[in-house]
Every structure is written in C-alpha cells, then in structure tokens.
Amino acid sequence: MKHLRTRLIALAAATACMTIAGAAFAEELSIMASGGAWQDAQRKAWFEPFAKETGAKILEQEYLGDLGKVKAMVETGNVPIDLVTVETATVLQGCDAGILERLDYAKIGPRDKFIEGSALDCGVGLDAYGDILAYDPTVLKEAPTSVLDLFDTKKFPGKRAMRKFPAQNLEWALMADGVAPADVYKVLATPEGVDRAFKKLDTIKKDIVWWDAGAQPAQLLASKEVVMTTAWNGRIQNAIDTDKKPFKIVWNNQILEYDMIAIPKGARNPELAYKYLAYISQPENNAKLASYITYGPVRTDAASFVAADALPKLPNAPDHLAGAYLVADTEFWGDYGEDLVKRFNAWLAQ
Amino acid sequence: MSALQPSELDRPTLARDRSAADADLKSVSAALRRAEFGDRMRSLLLATPLLVLLALSFGIPILLLLSRAVYDPTIADALPKTTVALAGWSGQGLPGDDAFAALAADLKDNQAKGTAYELAKSLNARLPGARSQVLKTVRKLESADGQAALEAMKSVPFWSAPSTWPTIRSGTNSLTSFYLLSALDLRWNAAGGIERVPPEQAIFIQVFLRTFFVAASVTLATLILGFPLAYLIANAPKGLAAILIVAVLLPFWTSILVRTAAWTVLLQKFGLANDFLLFIGVISDRLDLMYSRIGLIIAMTHIQLPFTLLPIYSVMRTIPPSQMKAAYSLGARPFTAFRRIYIPQVFPGVMAGCMLTFILCLGYYITPALIGGASDQLISNFIANYVNVELNWEMAAALSFILLVFTLALFGIFARVLGLDRLKLV
C-alpha cells in the first residue's frame with residue numbers, strides 16, 4: 001500500500017516536471033469549440049497542421065456554444081482559453097458585453113477579402129454553412145423544389161421539423177408569404193412584419209416538430225418521424241456520405257450563415273491566437289476545411305483552393321447560389337434577437 | 001372507615017404549596033433558559049465556520065446576483081452629461097437641443113472609452129432595435145463636433161422617435177423596476193402608470209403558472225404512489241423491507257441526468273413504453289410521450305419519488321402497529337381508525353415530503369429541457385437562457401427573484417398552517 005503511494009507521488013512529480021519542461025519548449029494555444037464532426041474537421045484541417053508548422057501545442061476544449069461560461073471567466077479574471085468558436089449572433093453579444101477582444105485585422109489578413117458579413121469587429125469567419133431543407137426521396141414521392149415548400153402542407157402533407165429558434169423560420173415565413181429576399185429584414189424590423197411572419201408560421205404550427213441540436217434533423221428524417229426538415233447542410237451531407245442515408249438537400253431559398261472564431265478578453269496568449277487566425281485565414285488554408293466537412297470558405301479568393309470533389313457539396317458553390325438565397329443579417333439579429341426569441345417562446349406556448 | 005376527602009383537609013396547604021411550586025418552577029425554568037442559552041451559544045460557536053462559509057459562498061453571491069434585478073448602472077454611468085441635461089425635461093415630446101448635444105458628447109466619450117457597445121446592449125434590452133442605432137450614430141459622430149454633432153444626431157430618426165427619450169431617461173436611473181416588471185409581464189406606460197404588456201409578448205406569468213402546475217402535479221403523483229409504498233415498506237417483514245428500500249434508494253443515488261436520459265429511451269415514439277402499450281393492445285397508434293407535458297410529469301415523478309417517500313416512511317416506522325389494533329378493539333372500523341389514528345400521526349411526514357418535492361420541482365431544469373416540449377419549459381429554462389445565451393443577467397436575476405419570493409411565500413404558508421417544528425424531514 002505504502003509502496004504504491006510512493007510510486008504514485010513519484011509519478012505525479014514526474015508528470016509535473018514533464019509538463020513544466022513541455023511548457024518551456026512549446027507554446028500552448030487553448031481552443032474551445034463546439035465539438036462533434038465540426039471540431040474533428042477543424043482538427044484535421046487546421047489544429048494539427050498549425051501545430052506542426054509552429055511547434056505550438058493545441059489544447060482542445062468543448063462547450064455548448066453559450067457565452068455565459070466565457071462571461072463568467074472574463075468577469076472573474078481567469079480565462080484559460082485563447083480562442084473560442086461562436087455563432088455570428090453570439091459574436092455581437094460578446095462584443096457588446098465586452099467579453100470578446102476587438103480584433104486587429106492587420107494581424108489577421110485583408111478584411112476586404114472576406115465575404116461580406118464574415119469579418120466582424122470581434123470575430124472572424126471560419127466557414128460558411130447553409131440552412132437548407134432536407135428530405136427522404138423514398139418517403140416523399142414528389143421532390144420539394146424550395147425551402148419554402150415547408151409551408152405547402154397540401155402538396156407535402158405530414159410533419160416537418162424546424163429549429164426551435166426564431167432566426168431563419170421568420171425569414172422563410174415572410175418569403176413564403178411573398179416578401180422578396182432583399183426586403184425580408186426591412187419588413188421584419190416592423191411590428192406588422194413580425195405579426196405577418198408569425199401568422200404565416202401559424203398556418204403550419206400543428207405540423208411542426210421542433211429540433212434543438214444539430215444532430216436531430218438527420219435522426220428525425222431517418223426515424224421517419226418527419227417527411228422533411230430544415231437543417232445545417234453539413235449534418236445532412238454527413239448522414240448521406242458516412243451513414244449512407246438516401247437524403248436529398250434542397251438549396252433553393254437557403255439561408256447562408258458563418259461560423260466565427262473569437263479571442264476572449266484576458267486570454268493568456270493573444271499573440272499566438274492571432275498567429276492562428278492569420279494561419280487559417282490564408283486562402284489555401286481557409287479552403288482546407290471543406291475537405292473534411294461540407295462547409296465553404298469565407299475568403300473570396302479561396303474558391304480555387306477547394307478540393308474538386310468537395311466543391312459541389314458546399315453551400316456557397318456557384319450551383320447552390322444560382323437560385324434564390326438569403327444571407328443572414330447579423331446586425332438585425334443583434335438588434336431584435338432577444339425580443340424575437342421572447343416573442344417566439346410566447347408564441348410556442350400559446 | 002371514614003374517608004376524609006383530601007381536598008377538605010388540605011385545601012389551604014395545597015394552595016400555598018402550589019404558589020410556592022409556581023415560584024420554584026419559574027426560577028427553575030429561568031435557570032434552564034440560561035443554561036440553554038449558553039448551550040445554544042456554544043453550539044452556534046461550533047457552527048460558525050459553517051455559517052461563514054455559507055454566507056461567503058452562498059448568501060453573498062446570491063444577494064449580489066439578485067441585486068442586478070433592480071440595480072443596473074450601465075446607462076447612468078455611460079451618460080452622465082445626458083442625465084444632467086434631462087433633469088429639467090418634462091417628459092413630453094422631445095427634449096431641447098442641449099439634451100441632444102449632451103447625448104452626442106456622451107456617445108463620443110463612450111466610443112473613446114470603448115464602452116459604446118455595452119451602452120448599446122443595455123439600451124437594446126429596454127428598446128429593441130436601439131443597438132444598431134447607437135452604434136450607427138457613434139460612427140457618424142466620429143468626425144463631427146459642436147453644431148455638426150447636433151445635426152448628425154438629428155439626422156438619425158431614431159433619436160426623434162417618441163419612445164427613445166423616455167427610455168433613456170428611465171435608464172439614467174440606476175435603480176430600476178424595469179426588469180422586475182418585465183418578469184411579471186408588466187411595463188410602464190407613457191402616462192407613468194403600470195400596464196400589462198400586449199398579449200403576444202406576455203410570457204412569464206404563464207411560465208410561472210406552468211411551473212407551479214407541473215410542480216403540484218408531480219407532488220400529487222409522488223404522494224399517490226409513495227404513500228402506499230411507504231406503508232408497505234414500514235410494515236413489511238425485515239428482509240422484504242430492506243429489498244424495497246434499496247429499490248427506492250438505488251435510483252435516488254443515480255445522477256439525475258442519467259435518469260432523464262433513460263426516460264428519453266423509454267418514452268420516445270419507437271421506444272419501449274410505446275412498444276409495450278401497443279403489444280398489450282391498450283393503444284392502436286403510437287403516443288407522443290416525448291416532448292410532451294405527460295412525459296415530463298412521468299419522468300419528474302420518478303425522480304422525485306424518494307424525496308416524498310422517505311420522510312413519510314421515517315414517520316410511519318415510528319407508529320406502533322398496536323395503536324391500530326387498539327383502535328379496532330375499541331370498535332373503530334378500519335377506515336375510521338386509519339383516518340383518526342394513523343393519518344394525524346403521519347401528517348407531518350406527508351407535508352414534509354410534499355413540500356420537499358414541490359420546492360425542488362420549482363427549480364427543475366435538465367428534465368424539462370430534454371423531455372419537455374416547446375410549451376413545457378419551466379421558469380429555470382428561461383433563467384438559464386438569459387444567463388447563458390442572451391447574457392442578460394439582469395433579467396435572469398429578476399426572474400430568479402420572483403421565483404424566490406413565490407417559493408418563500410409558499411414556504412411561509414406551509415410553516416404557518418403546520419408549524420415548522422412539526423415538520424419531520426427524515
């Protein structure tokens with residue numbers, strides 16, 4: 001027993017020495033991302049090559065994407081992470097609340113080379129993903145041609161799954177009600193526009209199954225609980241490629257969004273964090289992620305670096321932007337998000 | 001034998017004795033009180049480390065967080081000049097140019113200090129849409145001074161909209177009732193009175209009522225299931241009682257998250273519960289048990305059952321079976337004996353168990369999030385959303401405060417009706 005304890009102490013001491021020695025040689029970069037297939041893809045496309053190139057050691061952490069945790073870290077002054085991946089709306093909130101660093105683009109790359117809306121004050125774009133419609137052609141005899149077919153319960157009867165969140169659903173409701181994509185956010189900024197969107201959602205409310213987590217849409221389709229579902233394109237493509245599901249994606253009227261990465265205030269190693277941001281923002285590196293998950297680059301000059309077999313599956317591939325599409329308006333959701341979430345929850349409960 | 005009545009003989013003596021005894025008793029009880037006080041002080045001294053720990057790690061943080069519900073100095077700190085300029089404003093129409101100029105100067109200061117974003121967020125919580133207007137104006141003001149700044153302010157229609165200035169003025173008061181009122185679906189109207197928010201925006205009252213309804217349903221269900229089971233365990237032979245109590249306690253020791261996840265496996269559309277019901281022919285179509293109120297109540301009842309059962313069981317164990325037999329032998333029917341002998345004795349245990357379950361249910365978060373549907377989210381889910389997602393900790397504090405007040409009020413009623421000393425927790 002005593003012998004064992006001595007050995008354990010020796011082992012712990014040795015580990016501590018190694019850690020200290022390791023820290024002396026390799027700089028550490030701590031990245032918190034939202035896990036799953038997306039983090040796996042980032043590891044292969046960016047973490048590992050960056051570590052090899054710079055000799056830095058990357059420490060990965062996972063979280064659910066809620067900034068409350070980061071806010072608590074910043075307020076207590078103990079910030080054990082250098083970079084955090086976030087949604088666009090979350091970048092704005094974090095920026096406003098003063099918990100994310102205002103970025104210096106001179107250290108990252110030319111800001112005008114990013115797709116519009118993907119280079120924000122406190123966050124830089126990682127990739128572009130599409131909010132799309134997915135269905136199972138073995139269940140639906142007639143193929144939907146637009147995401148707006150969600151609202152056509154005559155032609156496509158049965159349950160449809162949608163994200164339990166006002167963003168995207170309100171935009172689609174207005175477009176289905178005849179608002180042109182270019183006017184959607186103008187209309188939605190007025191109380192009448194909000195009423196109109198909810199009224200349109202009312203027409204299919206009893207047919208909606210709500211999803212929360214990104215993995216749910218594919219499951220709901222696979223278990224045949226719904227005949228069609230909104231989803232993030234990468235998740236459905238993953239089900240098609242890896243799980244050999246017969247699903248199909250409808251790109252017409254998709255909504256384009258960006259994943260972002262940010263530096264929390266008080267990060268211990270901001271210089272290395274900037275180095276990482278500069279690294280992944282180089283066009284050839286920015287295009288690499290598409291080889292591991294079907295999310296597109298955010299640099300306008302990165303398209304030519306995308307692997308040939310990955311390109312046709314990306315949300316911002318030329319074919320998929322040929323029909324109607326909408327780019328999510330981050331500023332709008334920064335303004336009205338909290339209010340619309342509250343209204344949406346009140347509407348759900350009615 | 002002539003029997004002398006003691007009362008005739010001793011009455012005076014007895015009376016004298018009694019008053020003496022009374023005096024003795026008084027001095028004895030005073031001494032006892034003194035001794036007890038000393039004891040209590042000593043035991044309090046022993047508990048001091050615990051009390052200090054509780055105050056530091058529990059009491060003070062809670063108070064600090066709850067104070068955010070009524071104290072929000074962001075706007076007042078950000079707009080000192082505007083606060084002064086608005087002091088003489090009547091509140092009707094638009095304030096004078098001096099207020100516009102003061103706001104422009106304050107906005108420029110905020111931009112220089114890097115606090116414009118915080119101001120924008122705080123105003124936006126009270127006036128949706130204000131965020132981008134503040135940031136837009138700040139950008140316009142960067143190259144404008146004096147008269148040009150004033151014109152820049154006037155060129156943004158937002159600053160001349162009817163609701164903008166009253167919101168700013170109420171915001172310059174650090175002590176605010178805004179969040180507490182919002183948590184009760186109320187708001188100030190233009191005339192300075194309190195009114196309900198429009199029905200399509202009202203949500204929290206409904207969620208509070210839902211929370212209390214779910215808590216009451218679960219409490220009732222655990223009582224109906226737990227009471228007979230507690231009786232069975234208390235009166236079963238030793239071996240069987242041990243097995244039953246382990247069966248109750250085993251899930252009690254399992255993490256709540258694991259038990260909730262297990263219920264999602266059982267309740268889903270193609271899950272075991274539906275399979276079984278279809279098999280025995282009770283239903284012909286699969287039920288939607290997941291994401292529904294009924295599924296939520298089933299899962300919560302299972303998780304809460306030990307909390308209701310254990311206090312009842314511990315009281316039942318102390319009641320000797322001979323009491324009921326005595327009641328029968330005196331002619332009581334079983335039901336009468338149960339009602340008049342048994343129930344009054346187990347009542348404190350029942351109340352303690354029910355109160356424990358009810359109050360714990362008010363704070364449920366994981367189970368409604370995983371098993372409840374969109375219209376089954378309880379107040380904790382909303383509080384968590386404001387803390388984690390919206391980063392509006394003021395609103396979270398206000399909702400928590402209201403929940404705390406309701407809970408304490410219910411606890412007070414309980415204590416009043418029953419008397420706290422009669423509660424038997426375990």
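Which residue in β7(A) is the bridge partner of A:Ala134? In this predicted model, the partner of A:Ala134 is A:Thr229 of β7(A). That pair belongs to a set of 5 bridges by which strand β4, residues 124–135 of chain A, is joined to strand β7, residues 228–232, in the antiparallel sense.

Strand β8 of chain A, residues 248–262, runs antiparallel to β4(A), and 10 bridges join the two. Two of the pairs can be picked out by eye. A:Val124 is bridged to A:Ile261 of β8(A), and A:Leu133 has A:Val250 of β8(A) as its bridge partner. As for cover, 12 of the 12 residues of β4(A) are buried, which leaves the strand described as mostly covered.

Strand β3, residues 83–87 of chain A, pairs with β8(A) over 4 bridges in the antiparallel sense. Here A:Val84 stands opposite A:Ala262 of β8(A). Strand β9, residues 325–327 of chain A, pairs with β8(A) in the parallel sense, over 3 bridges. In this pairing A:Ile255 is placed opposite A:Leu326 of β9(A). Of the 15 residues of β8(A), 12 are buried, so the strand is largely enclosed by the rest of the structure. In a regular strand, side chains alternate between the two faces of the sheet.

One residue of β8(A) deserves a separate look. A:Asn253 lies in this strand, and its phi is near 70°, a positive value in a residue other than glycine. Most residues other than glycine have a negative phi. Is A:Asn253 buried or exposed? A:Asn253 is buried, because 23 other C-beta atoms lie within 10 Å and the cut-off for a buried residue is 20 or more.

B:Asp185 is not a glycine, yet its phi is about 60°. This residue is found in the loop between α9 (178–183) and β1 (186–188) of chain B. B:Asp185 counts as partly exposed, because it has 19 C-beta neighbours inside 10 Å.

The helices come next. In chain A, helix α4 (residues 88–96) packs against helix α12 (residues 330–349) at an angle of about 60°, and the two axes are 9 Å apart. The angle makes α4(A) oblique to α12(A). The contact is formed by A:Thr88, A:Ala89 and A:Leu92 on the α4(A) side, and by A:Thr330, A:Trp333, A:Gly334 and A:Gly337 on the α12(A) side. The crossing of α4(A) past α12(A) is right-handed.

In chain B, helix α8 spans residues 164–171, and B:Trp165, B:Ile168 and B:Gly171 are buried in it. Seen down the axis of α8(B), these buried residues fall within an arc of 125°, so they line one face of the helix. An α-helix has 3.6 residues a turn, so residues three or four places apart point the same way. What the buried residues of α8(B) pack against is α2 (74–78), α3 (80–85) and α5 (116–126) of chain B.

The contact takes 26 residues from chain A and 25 residues from chain B. On the side of chain B that touches chain A, α5, α6 (130–141) and α18 (379–388) each supply at least two residues. The most is given by α5(B), with 6 residues.

Terms used:
Residues are numbered from 1 along each chain as its sequence is written. Chains are lettered from A and ligands numbered from 1 in the order in which they are written. This is a predicted model: local features need pLDDT of at least 70, side-chain atom pairs count only at pLDDT 80 or more; totals for chains, interfaces and linings use all residues. The arc is that of the directions from the helix axis to the C-beta atoms. Two residues are in contact if their C-beta atoms, placed from the backbone, lie within 7 Å. Two strands pair if DSSP finds at least two bridges between them. Axes are lines fitted to C-alpha atoms, for helices over the stretch in contact, and angles run from 0 to 180 degrees between N-to-C directions. Angles under 35 degrees count as roughly parallel, over 145 as roughly antiparallel, 65 to 115 as roughly perpendicular and the rest as oblique. A crossing is left-handed if the near helix is turned anticlockwise from the far one by less than a right angle, and right-handed if clockwise.
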